[in-house]
Structures are given as structure tokens and as C-alpha cells.
Amino acid sequence: MADFQSIAKQFVEFYYNTFDQNREQLAGLYRDQSMLTFETSSIQGVAAINEKLTSLPFQKVVHKVGTLDAQPSNEAGGILVMVTGALLVDEQQNPMNYTQTFQLMPDGAGSYFVFNDIFRLVYG
């Protein structure tokens, strides 16, 4: 069995670094069967997910990961990843808390793609 914990950690670091620097490059992590639920809207497919991520109404964002939990999720070698953290948007000084869950699936040659992605801001 692959080291799911280190794969999850590497994925999360790559995902948020890419998100914070150039969201358009995240498209390569998704496939046509991938689904993103962002707050209350669900979107399926690479083009629609990329459109959603690149059209978010802010220019700058910085993610700070607080916790990262991972588990093997199925016989196909999937990995379930749950992240909690805070993000700063544009010039705001008050971080917003968030939780994000990824279902990673093997994509051959030791790589993975995002099959499911659920993002939610945490208020309160």
C-alpha cells in the first residue's frame, strides 16, 4: 500500500501553493468525472470546475493549513483527505476558516487526480 499520509501531504501542499499562485493550473488535477462542491454549488467536469475556481471574486489568496487527515478510501487505491485551515483574501486582515475534503483517485504511474472536492467556509 502506498504511503497515503505522505501522498496526502504532498498533494495538499501542491494544491494550495498552485491555488494561491495560479488557479488556472489546477485544471490538470481534475478529470471530466470530477465533481466540486463549492459552498452550495456543485460543478462537474474539468472545464466547469476550472471556470469556477478562476472566476472567484478575489485576486490574492493565501491558505494556511491547520489540520490534515487522510485515510485509504477504497480498493482502487483512493485516498480521502480532509483539511481545515484559514485563508486570507486580497487585503483582508481577518482570516476566514474553511474545511475542504478531497477524494483522490490513482491516475497511473503513481499520480492521482481529484475525483471529489468539497469546500466550505466555516462561520462562527
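The model is predicted, and local features need a pLDDT of at least 70, side-chain atom pairs count only at pLDDT 80 or more, and totals for chains, interfaces and linings use all residues. Residues are numbered from 1 along each chain as its sequence is written, and side-chain values use heavy atoms, with hydrogens and water left out.

## Overall form

The protein chain holds 2 helices and 6 strands. Helices (H or I, at least four residues) and strands (E, at least two) are DSSP runs, numbered from the N terminus. In sequence order their pattern is α-β-β-α-β-β-β-β.

The radius of gyration of the protein chain is 14 Å, which agrees with the value near 14 Å for a compact globule of 124 residues. This radius is taken over C-alpha atoms, and the globule rule is 2.2 Å times the number of residues to the power 0.38. Along the principal axes, the C-alpha trace spans about 45 × 30 × 25 Å.

Of the 124 residues, 38% are buried. Buried means under 20% relative accessible area, exposed means over 50%, and partly exposed lies in between (1.4 Å probe, protein chains only). The accessible surface of the protein chain is about 7,200 Å², and carbon and sulfur atoms hold 53% of that surface. Accessible areas come from the Shrake-Rupley method with a 1.4 Å probe; for residues, only the protein chains shown count as cover.

Among contacts with a separation of 6 or more, 47% are between residues 24 or more positions apart. A contact means heavy atoms within 4.5 Å.

## Strand pairing

Two strands pair if DSSP finds at least two bridges between them. Strand β1 (residues 30-38) pairs with β2 and also with β6. Strand β6 (residues 112-122) is in turn joined to β5.

|---|---|---|---|

## Residues with positive phi

Most residues other than glycine have a negative phi, and most peptide bonds are trans. E39 is not a glycine, yet its phi is positive at about 60 degrees. E39 lies in the loop between β1 and β2 and counts as buried because its relative accessibility is 18%.

D90 is not a glycine either, and its phi is positive at about 50 degrees. D90 lies in the loop between β4 (79-89) and β5. With 30% relative accessibility, D90 counts as partly exposed.

## Residues in the loop between α2 and β3

The loop between α2 (46-54) and β3 (61-72) holds P57, and L56 is in this loop too. At 8% relative accessibility L56 counts as buried, whereas P57, at 75%, counts as exposed. Leaving aside residues up to four places away in sequence, L56 touches F19, R23 and F38.

L56 and G124 are 68 residues apart along the chain, and their C-alpha atoms are separated by 22 Å. P57 and V89 are 32 residues apart in sequence, with 9.5 Å between their C-alpha atoms.

I7 belongs to helix α1 (residues 4-21). Its relative accessibility is 19%, so I7 counts as buried. Between the C-alpha atoms of I7 and N94, which are 87 residues apart along the chain, the separation is 31 Å.
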